[in-house]
Amino acid sequence: MSEMNRIGVGTFQPSDPKSQSQSELVGSVNFSKLEDYGVESHPLAYNFDGELNVANRGMMEFIEMLKVDAKFRNILLTLAQEKRIKVERFPLIYADIATLAHTNEVEYNKFLADKKEEALHDRIWVVKFPYNLRLDDEIKIYEKLICQTPGFKGIHIAPHTLKTAAMFAILSRLEEPKNKGISVLQKMHIYNGEDIDGFNNKNKKQTIKDLRQDVEREGLDGISPRYVVNRLAACFAKHETKAVTPISALRSLEEGLTTNAKLNKDDISRLKNLIAVCVEEYSKIACNDVQKAFFVNFEHEISNLLSNYMDNVEAYLNNVRLENEWGDLVESDEALMRNIEEKIEITNTGKDSFREEVFRKIVKTKGEDGKYNYNTHPKLCEALEKQLFEERKGVIRLTVSVRNPDPEALKRINEVVRVLCDQYNYNEESANELLRYVSNIMSKNK
């Protein structure tokens, strides 16, 4: 089976209805052979090379089926109803073909309203193809489209840019949950397979199934990948920049809303609110990146904090004492554990169940080197990061927020920019823009 070699796979695309002939589907007379065989009805004077002939015992792709003239659809009707192809001057030819046709929703609704097409209505199996609703998959779509677009060559796309744009696109396609205990943002994370507090994270498929039962048109409306990639291209086309950042991407996405012919005032207002949600989410990510860059060895420090926390949790759960650096036996450090747990709003009454869950899950990741993997438990990872960042918050705020840094502060800023470029895939332009953005956030949060 090969579409390229025309074996078992046929493809038909509509063109000018006045000039397009049915011979594209069922073949045509071979005029060079007419002199030899005399009549057009002779099998050897006919080329059985139409798309349906090629697709026999295989499959046929009918592109934009509802844009073709009705006479072409009549051929499909006979094919679906009787498994036969009618070739001019020949008897019916048996055909066993899986016909895949596609069209857009507007054309389809118009087709359903036409009573003259009722015979074909009954012979179509409808498969609705909504937009993608998984964040990670949406990012892959943009990566593919960007690779295929020559204009993006030589343009630096800063970390989290595609993720932030994808968040906006996914949120625009989701319907408001009927369950008021869940936000659209949480719904997006659940669809992406992420753990969310208060939901059945052990059986995510069932949770997603339950959420989708409450909606009718989820994914059938919203922002398309084409719009997003066009607006990303507009970032460097308009501003003559060599880097596209999350904020410039969101700004471009918002600017394009007013020129989108499909959107009314209510649509634009809703989408602007979603952009505000994306800005808020990105602000957390931006602060996180800058805070990590201030640590000489972030992975080492967070691993040490995790090891310390786990030692205290184990001692607490087993009701034993820990040996300190002097060799003395001491009680587990309740203050340290609560400082970390309170960062993710673990209550005093819920601390025991949280510690048991963390210990059971994290201890499984302890490899031969005896080290824990902090990424195993997202909520604990978040708590550990917040604990580390809180310890350095003052230094970070003073460094990034100062307008005229002294030589020492400037040296520290340059080091942070270097770390962002070397370890987090920023370039100098996007790293400096990130620092300015985080500086504004910290100035507002004083």
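Mentor: Take helix H16, residues 351-363, in what is a predicted model. H16 has 13 residues and spans 18 Å from its first C-alpha to its last, close to the 18 Å expected at 1.5 Å a residue. The buried residues in H16 are Lys-351, Phe-354, Arg-355, Val-358, Phe-359 and Ile-362. Viewed down the axis of H16, these buried residues fall within an arc of 130°, so they line one face of the helix.

Two of the buried residues, Lys-351 and Arg-355, carry the charged contacts. Arg-355 forms a salt bridge with Glu-341, and the closest N and O atoms are 2.7 Å apart. This pair links distant parts of the chain, with Glu-341 in helix H15 (residues 334-342) and Arg-355 in H16, 14 residues apart. Glu-341 is buried, as is Arg-355. The pair also belongs to a network of salt bridges that links Glu-334, Arg-338, Glu-341, Glu-342, Lys-351 and Arg-355.

For context, a search of the whole structure finds 25 salt bridges. One of them joins Arg-73 to Glu-117, at 2.5 Å between the closest N and O atoms; both Arg-73 and Glu-117 are buried. Another is formed by the side chains of Arg-217 and Asp-221, at 3.1 Å from N to O. There, Arg-217 counts as partly exposed because its relative accessibility is 31%, and Asp-221 counts as partly exposed at 41%.

Key: Residues are numbered from 1 along each chain as its sequence is written. This is a predicted model: local features need pLDDT of at least 70, side-chain atom pairs count only at pLDDT 80 or more; totals for chains, interfaces and linings use all residues. Side-chain values use heavy atoms; hydrogens and water are left out. Helices (H or I, at least four residues) and strands (E, at least two) are DSSP runs, numbered from the N terminus. The expected span of a helix is 1.5 Å times one less than its number of residues. Buried means under 20% relative accessible area, exposed over 50%, partly exposed in between (1.4 Å probe, protein chains only). The arc is that of the directions from the helix axis to the C-beta atoms. A salt bridge is a side-chain nitrogen of Lys or Arg within 4 Å of a carboxyl oxygen of Asp or Glu.
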